[in-house]
Amino acid sequence: MKKLKIEEIKIYETFENKLAECPFCVIEEKYEKQLIHSILGERIMDIDFYPKIGNEHKFCENHIEKLNRGSDKLGLAIMLDKIINEEKKKLHKNKSLQKNHNSVVKKLLSLSKNPSRTLNGKANYECFICSKLDENNNDNIKVTIELWKKDMDFRRLYKDSRGFCSNHYINMINELEESTEMKGLDDMYEVTNEIYLKNLERLQEELQWFIKKFDYLNADKPWGTSKDSIQRALQKILGNY
Ligand SMILES: [Zn+2]
Ligand SMILES: [Zn+2]
């Protein structure tokens, strides 16, 4: 049996799922769900967390939407009530805001005007959830590089993976470029580029077969793996959207 740390096992097992369009997105999605659950559950009642909502702890539009997709409406209502309270306090404090025709609602969603996390590949650091996900992602990338360095079986898994979504691909390449040991990681850099390109091409073929299936001549031919290619292409381009 291999001796691996808990965080290494998590990465290892995710790469073992060979059908994932991006292993980091799989981890991120799981972590994001846990975060949302804990924010609307126990954190909203936490005496350290609650007072910071609307101040230090802000939320981007993407994450307000995701918070709303869940079933915990009580937690969300308490959170929105607190955010509106903070906005009202700011309005009272700064009368000039009113002169600028900045409505409470507009201010409430002011973070939404920042480019979203998924579009520019960078976390919206003002958003509590975005910054947590980004922190976690940086750790995962470092653990992945460590595994590549010491574990030959993991290297094979990495090479056979479907690569990453465009955001996580950029994160990985940046980390490899910034790494002080870049020399020893030349091969990982090369493989990362190879699997990214190879899997973009594979996805494109699946999409092209999806398109061809609309031709009546192909109507009876099998879908192959193309049926859900749109969803997987979106995952590849946007990450967890
Ligand atoms: Zn990803
Ligand atoms: Zn966010």
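**Helix packing and cores in a predicted model**

Buried residues account for 26% of the 241 residues in the protein chain. The model discussed here is predicted.

Visitor: How many helices and how many strands are there in the protein chain?

Guide: From the N terminus on, the elements run α-α-α-α-α-α-α-α-α-α-α-α. The count for the protein chain is therefore zero strands and 12 helices.

Visitor: Among contacts between residues at least 6 apart in sequence, what percentage joins residues at least 24 apart?

Guide: The contacts considered are those in the protein chain between residues at least 6 apart in sequence. Of these, the share that joins residues at least 24 apart is 68%.

Visitor: Is α8 parallel, perpendicular or oblique to α10?

Guide: Helix α8 spans residues 128–150 and helix α10 spans residues 166–178. Their axes are 10 Å apart and the helices pack at an angle of about 60°. Roughly parallel requires an angle under 35 degrees and roughly perpendicular one of 65 to 115, so α8 is to α10 oblique.

Visitor: Which residues of α8 and α10 make the contact, and how many of them are charged?

Guide: Asn137, Ile141 and Ile145 come from α8, while Asn171, Met172 and Glu175 come from α10. These residues divide into three nonpolar, two polar and, as charged, one.

Visitor: Which residues have the most contacts inside the largest nonpolar core?

Guide: The largest nonpolar core has 19 residues. The elements that give two or more residues to this core are α1 (6–16), α2 (23–40), α8, α9 (152–160), α10 and α11 (186–212). Those with the most contacts inside the core are Cys22 and Phe164.

Visitor: How many residues has the second, separate core?

Guide: Among the members of this second core are Ile36, Cys60, Leu67 and Leu133. Its number of residues is 12.

Visitor: Which residues is Cys22 in contact with, leaving aside its neighbours within four places in sequence?

Guide: Neighbours within four places in sequence are left aside here. The residues in contact with Cys22 are then Phe164, Cys165, His168, Gln235 and Gly239.

Visitor: Is Tyr196 buried or exposed?

Guide: Tyr196 lies in helix α11. Not counting residues up to four places away in sequence, Tyr196 touches Gly163, Phe164 and Tyr169. A residue is buried if 20 or more other C-beta atoms lie within 10 Å of its own; Tyr196 has 21 within 10 Å, and is therefore buried.

Visitor: What separates the C-alpha atoms of Tyr196 and Cys22?

Guide: Along the chain, Tyr196 and Cys22 are 174 residues apart. The separation of their C-alpha atoms is 9.9 Å.

How values were computed
Residues are numbered from 1 along each chain as its sequence is written. Chains are lettered from A and ligands numbered from 1 in the order in which they are written. This is a predicted model: local features need pLDDT of at least 70, side-chain atom pairs count only at pLDDT 80 or more; totals for chains, interfaces and linings use all residues. Axes are lines fitted to C-alpha atoms, for helices over the stretch in contact, and angles run from 0 to 180 degrees between N-to-C directions. Helices (H or I, at least four residues) and strands (E, at least two) are DSSP runs, numbered from the N terminus. Angles under 35 degrees count as roughly parallel, over 145 as roughly antiparallel, 65 to 115 as roughly perpendicular and the rest as oblique. Two residues are in contact if their C-beta atoms, placed from the backbone, lie within 7 Å. Ala, Val, Leu, Ile, Met, Phe, Trp, Tyr, Cys and Pro count as nonpolar, Asp, Glu, Lys and Arg as charged, and the others, Gly among them, as polar. A nonpolar core is a set of buried Ala, Val, Leu, Ile, Met, Phe, Trp, Tyr and Cys residues joined through C-beta atoms within 7 Å.
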